[in-house]
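This report describes a few places in one protein model.

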Amino acid sequence: MRRAKTRKKIGDYTVASCIGKGRYGVCFLAFDPDGNKVILKRFRPHMWRKNRHANHYEAVILSGLKHPAIPELLGVINNRKGYYFVLEYKEGLTLEQWLFEKKKVFTPAEIYRTGSQIFEVLEYLHGRNVVHGDISPANVTDDGEKISLLDFGLARYADGKAVRFSLDYARVANVILYLLYSGYEGKGDRPWYEELPLTDGQKEYLKKLLDPEEQFTDTGEVRRLYEKNFGRS
């Protein structure tokens, strides 16, 4: 009789599967001793050593945040198998999975909800002087009702010079454009502002978001303008 394969253990956590790989590390879905899902984020040793001067940012920033759309940092594991962050598990698929695996076409109402919720999280972050720095379809999950913002590996405190809120605005604009293009059936050989069926107000708003210079007084204004321009009629 064949024995059941023993699942890998990391600290007190039982690893279920690898759910993502990136330049800086690998993420595993795991279970705590009570059977709750968590994420174990393991850093690649050479990247950890190479970026040792900046490795602390993610843990320090996450430790100071408490928001339902941001994974809580539950702990740190440092053993012979590697260095791991233990993170709260967030339900839903990433926008990247919805777009490219499920081939989902986002409705105007869904685009409105998704963008509005992302800006609501940014309003919270920017109010604490935190710039996420890496907002993308791969780092936003959606369970059909609410989004979560993942991966704070590039998050930094704003300094008004190299690290500015405008970086997050531009990244969100790109996410919104991905969602808008999910229903596009043209050739894709022209600029987005010529191809997509957008109002003049929507085009102007997205162009301002994509501008590397600060175009807004605060993130609350950015959210309100988004809701005004993309709100459901």
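## A buried loop residue

Leu 65 sits in the loop between helix 2 (56-63) and strand 5 (73-79). The model is a predicted one. Is Leu 65 buried or exposed? Its relative accessibility is 12%, and buried means under 20%, so Leu 65 counts as buried. Beyond residues up to four places away in sequence, Leu 65 touches Ile 70, Tyr 124, Leu 125, Arg 128 and Phe 152. Between Leu 65 and Gly 25 there are 22 Å in space, C-alpha to C-alpha, and the two are 40 residues apart in sequence.

## The cores

One of the partners of Leu 65 is Leu 125. Leaving aside neighbours within four places in sequence, Leu 125 is in contact with Leu 65, Ile 70, Val 130, His 132, Leu 149 and Phe 152. The largest nonpolar core has 48 residues, and Leu 125 is among the members that touch the most others, along with Phe 119, Phe 152, Leu 180, Tyr 205, Leu 206 and Leu 209. Apart from this core lies another, of 11 residues, including Ile 10, Val 15, Ile 77 and Tyr 84. In soluble globular proteins, nonpolar side chains tend to be buried together.

## Lysine 41

Lys 41 belongs to strand 4 (residues 37-43). An unreviewed UniProt entry places the feature "binding site" at Lys 41.

| Residue | Relative accessibility |
|---|---|
| Leu 65 | 12% |
| Lys 41 | 11% |

Not counting residues up to four places away in sequence, Lys 41 touches Val 26, Cys 27, Glu 58, Tyr 83, Tyr 84, Phe 85, Leu 87, Asp 151 and Gly 153. Of these, Tyr 84 is also listed in the core of 11 residues.

## Helix 5 and its partners

Helix 5 (residues 165-181) has 17 residues and spans 25 Å from its first C-alpha to its last, close to the expected 24 Å. Its buried residues include Tyr 169, Val 172, Ile 176 and Leu 180. What do the buried residues of helix 5 pack against? They pack against helix 3 (95-100), helix 4 (108-126), strand 8 (130-131), helix 6 (192-195), helix 7 (200-210) and helix 8 (219-230).

With helix 7, the packing angle is about 135° and the axes are 7 Å apart. Helix 5 is therefore oblique to helix 7. On the helix 7 side, the contact is made by Leu 206, Leu 209 and Leu 210. On the helix 5 side, the contributing residues include Ser 166, Tyr 169, Ala 173, Leu 177 and Leu 180.

Terms used:
Residues are numbered from 1 along each chain as its sequence is written. This is a predicted model: local features need pLDDT of at least 70, side-chain atom pairs count only at pLDDT 80 or more; totals for chains, interfaces and linings use all residues. Side-chain values use heavy atoms; hydrogens and water are left out. A nonpolar core is a set of buried Ala, Val, Leu, Ile, Met, Phe, Trp, Tyr and Cys residues joined through side-chain atoms within 4.5 Å. Buried means under 20% relative accessible area, exposed over 50%, partly exposed in between (1.4 Å probe, protein chains only). Contact means heavy atoms within 4.5 Å. UniProt positions are given in the numbering used here, feature names are shortened, and annotations may be inferred rather than shown by experiment. Helices (H or I, at least four residues) and strands (E, at least two) are DSSP runs, numbered from the N terminus. The expected span of a helix is 1.5 Å times one less than its number of residues. Axes are lines fitted to C-alpha atoms, for helices over the stretch in contact, and angles run from 0 to 180 degrees between N-to-C directions. Angles under 35 degrees count as roughly parallel, over 145 as roughly antiparallel, 65 to 115 as roughly perpendicular and the rest as oblique.
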